[in-house]
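Reader: I have a model to go through. Can you walk me through it?
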Amino acid sequence: MKSNREKLRDLLLEVLLLSDEEFSFDLNREQVETWDSLAVVAIAAGVDETFGYHFTPDEAVGITAVHDIIKVLEREGISFADA
Amino acid sequence: MANDVVVMQESEIRSNFRVLDTRWRSAETFAILPSNLPVTEEWLDDALHHLPQEFYTKHFLLLTSGSTGQPKLVVANRERAELLAEVIHRLQDGEATRETICCLPLSYSYSFVNQWLWSRILERRLILTDGFMRPGELKVALDAACDAMICMVGAQVPLLRSFFGDRTFPGIIRLHFAGGRFPQEQLDPLRQIFPNAKIFNNYGCAEAMPRLTIRRAEDADVAANIGRPVSGVELKTGEEDQLLFRSPFRAVGFIENSGFRAIADDEWVETGDLGRAADNGMWTLLGRKSEVFKRFGEKISLPAIEAVVQRVWHGELALYRETDSMGENGHIMVVAPHPEKRQLKAIMMELRRDFSRPHWPLRVESLERLPRLPNDKVDALALKERKDVIVHWSQRY
């Protein structure tokens with residue numbers, strides 16, 4: 001059973017087409033060329049599918065780093081303290 | 001029979017291909033159709049009734065539908081086709097060849113003119129095979145080849161490599177490609193399989209019956225370069241880079257659902273491709289008209305994407321268009337056989353390296369084998385209907 005951190009990591013690797021080495025939970029949009037506006041839509045769809053939470057438009061726009069995704073999901077009771 | 005036009009199916013010709021020779025010698029116009037008729041008998045009967053009387057003799061008709069699925073009977077003049085076969089022979093330095101091995105249907109204008117008609121006019125031996133439908137039989141023909149010429153489509157290269165990748169066929173001295181993207185990236189493995197072959201890229205379309213340009217493989221380093229026009233052929237670009245031609249060898253007209261449509265001598269005919277003049281009189285293809293489109297304001301070229309993927313993927317590959325959930329044009333990528341995880345990663349990383357997200361596929365799917373038309377091109381219509389695909393990656397919207 002994958003942890004929530006692993007699930008989120010897998011999702012971002014897939015959506016942003018990152019290699020394992022390129023990924024870190026400290027990444028932000030500025031550091032990832034493939035993190036464009038369409039990637040935000042894809043991340044939102046992936047989060048919905050993986051964690052069952054649908055970002056509000058404001059939340060989606062406010063996501064500029066991996067930590068922002070975790071913050072929103074933790075506020076919804078999805079724990080990332082499992083790593 | 002309709003309107004005195006003799007109709008022959010591929011299977012009939014294959015059971016006795018001398019019948020074709022007899023038909024060519026007689027004055028009556030005839031039609032050659034694929035074995036698996038992509039049209040109804042009613043459609044065919046109706047289409048043949050549209051043929052103007054002036055073409056009841058000294059012409060031949062080939063049915064083309066290709067991956068677009070729109071059937072069309074192309075009406076060709078025999079004398080022009082014979083002249084073109086001779087021109088192709090000279091341009092491709094064909095004098096040294098003694099025979100040709102067919103691995104494509106004869107109802108396909110490419111193999112009909114470049115191989116059957118060529119062998120008839122130049123008095124060379126013609127060896128018919130069922131191509132990759134019966135790879136064992138094809139291998140026997142390739143093993144026995146003696147100063148032979150073979151015509152293939154680029155889509156056959158993955159099949160060739162999968163069946164015969166570890167073999168060599170020194171008896172093949174000419175290898176021609178047409179009918180789709182030239183396999184420029186696969187020249188090294190092709191040269192290993194056919195160590196004595198001069199390789200040529202042929203470009204044309206059914207309305208050209210069929211050749212417009214030719215180039216030696218070595219004369220350019222990109223697949224999209226189609227070389228220079230054959231003597232007498234003129235190319236130009238029209239609106240939005242549409243590639244147009246005039247040719248003394250072209251078909252005299254074609255019959256579609258709407259009836260017969262003549263091609264005038266001075267008419268610029270659409271090839272269905274987009275193109276651009278390159279250096280030294282050569283031309284470059286930008287893609288099929290239907291393969292270049294806008295997505296989120298960016299110009300997407302499916303052939304360009306295909307070229308990038310083929311740097312790392314040597315299996316079968318097909319791209320087809322689909323609209324996404326936002327109503328934007330997009331495309332689906334299908335590979336075969338099913339890729340390993342590392343192969344998929346390599347494909348995606350190559351896409352990321354060369355393209356921004358709008359160019360990436362909406363989905364990457366796989367099948368054990370791609371569905372094929374009788375001429376071994378990918379059957380795009382059948383591909384879209386397949387329910388047994390495995391989805392490996394998607395844009396998620």
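Author: One term to start: two strands pair if DSSP finds at least two bridges between them. Strands here are DSSP runs (E, at least two residues), helices are runs of H or I with at least four, and both are numbered from the N terminus. In β14(B), B:F254 is the bridge partner of B:V74.

Reader: How many bridges join β4 to β14 of chain B?
Author: Three, between β4 (residues 72-77) and β14 (residues 253-256) of chain B, and these strands run antiparallel.

Reader: Before I go on, what is this model, and how is it numbered?
Author: It is a predicted model: local features need pLDDT of at least 70, side-chain atom pairs count only at pLDDT 80 or more, and totals for chains, interfaces and linings use all residues. Residues are numbered from 1 along each chain as its sequence is written, while chains are lettered from A and ligands numbered from 1 in the order written.

Reader: Back to the sheet. What is the strand order?
Author: β1-β2-β3-β4-β14-β15 of chain B, an open sheet of six strands with mixed pairing.

Reader: Which strands stand at the edges?
Author: β1 (6-9) and β15 (259-262) of chain B. Each has a single partner strand, so one side of each has no neighbour in the sheet.

Reader: New topic. Which residues of α6 in chain B are buried?
Author: B:L138, B:A141 and B:L142, in α6 (residues 135-144). Buried takes 20 or more other C-beta atoms within 10 Å of the residue's own; exposed is 12 or fewer, partly exposed in between, with C-beta atoms placed from the backbone.

Reader: Why do they line one face?
Author: Seen down the axis of α6(B), they fall within an arc of 100°, so they line one face of the helix. The arc is that of the directions from the helix axis to the C-beta atoms.
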